Amino acid sequence: RSTTAALMTGCAVVALFTALPREAAAQSFNGTPEVVAGNAGITTGPGTTTVNVFLPETVINWYSFADVDPSAIDFQPGGTTATFNGPRGGSNYTVLNRILPLNGNSFPTDATVAFNGTVNSFLGDGATPGGNIWFYSPTGIIVGPKAAFNVGSLILTTDDIQFVPGVPDVSDGSI
């Protein structure tokens, strides 16, 4: 009887683990994205992640897995580039990226997340630097010595930002 229970528990863990899709390790951001507010299109390629933002305010949850080292996640490996492109018309925008570390069984873990690559953001014309790029992780954020952030404004925090789309924020000086 205990063998059956162990087998069923093992199957349940595998089913839970595979419930969240994983992105290819070759992309820039090592996480599975979910747009939870606003509107954005996310594409990946070898060493790249591109986020095309269609509304002035967007929230993306990134589910990142601590498979190798359960204490740290290389969320953005060195030599990779993530690019945020704002809405057409060149207006300013804000993207809250909530990085949610998970262990090998898809449960929350206390692994810190690290940035070692380059993050760029542009207004809607694709050439003018701009955009408010925010990253939140409840477990800590480490910026490696070769990481670069070329963005309009940047927030890195462990304090969950209660971002409410449609409510003006102070990051652009409008209040």
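This is a predicted model: local features need pLDDT of at least 70, side-chain atom pairs count only at pLDDT 80 or more; totals for chains, interfaces and linings use all residues.
Residues are numbered from 1 along each chain as its sequence is written, and side-chain values use heavy atoms, leaving out hydrogens and water.

Now colour by secondary structure. You'll find one helix and 13 strands, with the helix leading the pattern: α-β-β-β-β-β-β-β-β-β-β-β-β-β. Those are DSSP runs numbered from the N terminus (helices H or I, at least four residues; strands E, at least two).

**The five-stranded sheet**

Select E2, E3, E6, E9 and E12, in that order: they make an open sheet with mixed pairing (two strands pair if DSSP finds at least two bridges between them). Strands E2 (40–45) and E12 (148–150) sit at the edges with a single partner strand each, so one side of each has no neighbour in the sheet. On average, neighbouring strands here are turned by 10° against each other, direction ignored (axes are lines fitted to C-alpha atoms).

Zoom in on E9 (residues 118–122), which runs parallel to E12 and is joined to it by three bridges. Show Val119 and you'll see Phe149 of E12 standing opposite.

**The aromatic rings**

The structure holds 11 aromatic pairs (rings of Phe, Tyr and Trp, the last by its six-membered ring, with centres within 6.5 Å; planes under 30 degrees apart are stacked, over 60 edge-to-face, the rest tilted).

One to pick out is Phe29 with Phe84, a tilted pair at 6.3 Å centre to centre and 50° between the planes. Phe29 is in the loop between helix H1 (2–19) and strand E1 (32–37), and Phe84 is in strand E6 (residues 81–85), so the pair ties together parts 55 residues apart in sequence. Both Phe29 and Phe84 are buried.

**The salt bridge**

Last stop: the structure holds one salt bridge (a side-chain nitrogen of Lys or Arg within 4 Å of a carboxyl oxygen of Asp or Glu). Select Arg98 and Asp160, whose closest N and O atoms are 3.1 Å apart. Arg98 lies in strand E7 (residues 94–102) and Asp160 in the segment after strand E13 (153–157), so this pair ties together parts 62 residues apart in sequence. Asp160 is partly exposed, at 26% relative accessible area.

Definitions and conventions: Axes are lines fitted to C-alpha atoms, for helices over the stretch in contact, and angles run from 0 to 180 degrees between N-to-C directions. Buried means under 20% relative accessible area, exposed over 50%, partly exposed in between (1.4 Å probe, protein chains only).
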